[in-house]
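Keep the structure in view while reading.

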Amino acid sequence: EQAGKGEYDHFMLKEIHEQPTALAQAIEGRIDPTNGRIALEDFPPGTFDGVENVQLIACGTSYHAALYGSLALNQAGIRATALLANEYSVTAPPVDDDTLVIAVSQSGETADTLSALRQATAAGADTLTVTNVVGSTAAREADETLFIRAGPEIGVAATKTFSSQAVMLTLLAQRIAADSRGEPPADLQSLLPDLAQMPSQLEDLLATDDAAHIARQYQGSQSYFFIGRGLGYPVALEGALKFKEITYEHAEGFASGELKHGPLALVTPDTPVFAVFTGEEDEKTLKNAEEAQTRGAPVIAVCPEGHRAVEVADEHLEIPDTDDELAGLLANVQLQLVSYHAAELLDRPIDKPRNLAKSVTVE
Ligand code: AGP
């Protein structure tokens, strides 16, 4: 097992550091270099003709990626909703001929997700799986499959597969919009070059040790809060899930604007607030963070250098400048590192947290 970890103490850290390669593999050959268009040759032209409505079903970290994907679809002009697969049997919205149901699952074996996928199939929806595992049950059962090509993920805490799922869903959103409406949205001219430089930006980010410093500084706090808006919201949820999963400390993620509707009552000088800035109404998110700061909470801004939040926050974790659609994914990597280092300080069994399994095969 040690041999498989290479130079790293844990698979989780190794897999965090594999993200530049994983992303490069995910996008390789899937963007046409002659015209900068998304090719996604996994699907013949017109595969998504007539898709008006998308439901994304998933659990845990994959649900956060699905939420990210649903927002990317909405921004591309397609109606989309992310739904917890374990709630689908009691809350599924109706499906019709124009509905595509996308199951998002690293393993392709999660019982809750398979059950929701089968329900959608029985209801007559077209289905697609976004997964990491070739030959998995979800890949075999869905009409179409998009492999994220992240390579094996051993750590129970999903890291590189979240990033690859979110990137592939962002590309898929553009492809669905293009098939459904005839033309992709114009803002691809910013997204695609920034996507191409994401692996090297991640290399730079992974070479810093700011996250380890933050983990040390706020060690022993009562609770850890994560806030974000728009695409920063699934990142806040994911930051909190990762933190609680491997540190066993209390952590919660909130939509920034929700803080004042209740959670602010929990905020004290002993509850650091990580605020994720993704370029979507950042001024509002900053105001929400300041509301926590006024109650004594230390605020850690996750944002590009030169952002106004750097002056206001107590600390910051830097992310490289990029397209708004990708900023949250860079922020998420900083948060993965904070969780990892916090768990390491507590000497937790990082790759195998208590009570959890890599793939949950019971409902
Ligand atoms: C996250 O770190 C967990 N391992 C968990 O939430 C996981 O994402 C969830 O169980 C879904 O697994 P899947 O992607 O294999 O379907």
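Around the ligand stand 15 residues, the closest being Gly60, Ser105, Gln106, Ser107 and Thr110; a residue is near a molecule if its C-beta atom, placed from the backbone, lies within 6 Å of it. The model is predicted: local features need pLDDT of at least 70, side-chain atom pairs count only at pLDDT 80 or more, and totals for chains, interfaces and linings use all residues. Residue numbers start from 1 along each chain as its sequence is written.

Helix H4 (residues 60–75) supplies the largest share of this shell, 3 residues. Helices (H or I, at least four residues) and strands (E, at least two) are DSSP runs, numbered from the N terminus. The shell divides by class as follows.

| Class in the shell | Count |
|---|---|
| Nonpolar | 5 residues |
| Polar | 9 residues |

In helix H9 (residues 188–196), Leu188, Leu191 and Leu195 are buried, meaning 20 or more other C-beta atoms lie within 10 Å of their own. These residues lie on the same side of H9 because they cover an arc of only 65 degrees around the axis, taken from the directions from the helix axis to the C-beta atoms.

For the whole protein, the secondary structure comes to 15 helices and 12 strands. Of its 363 residues, 54% count as buried. The C-alpha atoms fill a box of roughly 55 × 45 × 40 Å along the principal axes.

Key
Buried ≥ 20, exposed ≤ 12 C-beta atoms within 10 Å, placed from the backbone. Nonpolar A, V, L, I, M, F, W, Y, C, P; charged D, E, K, R; others polar.
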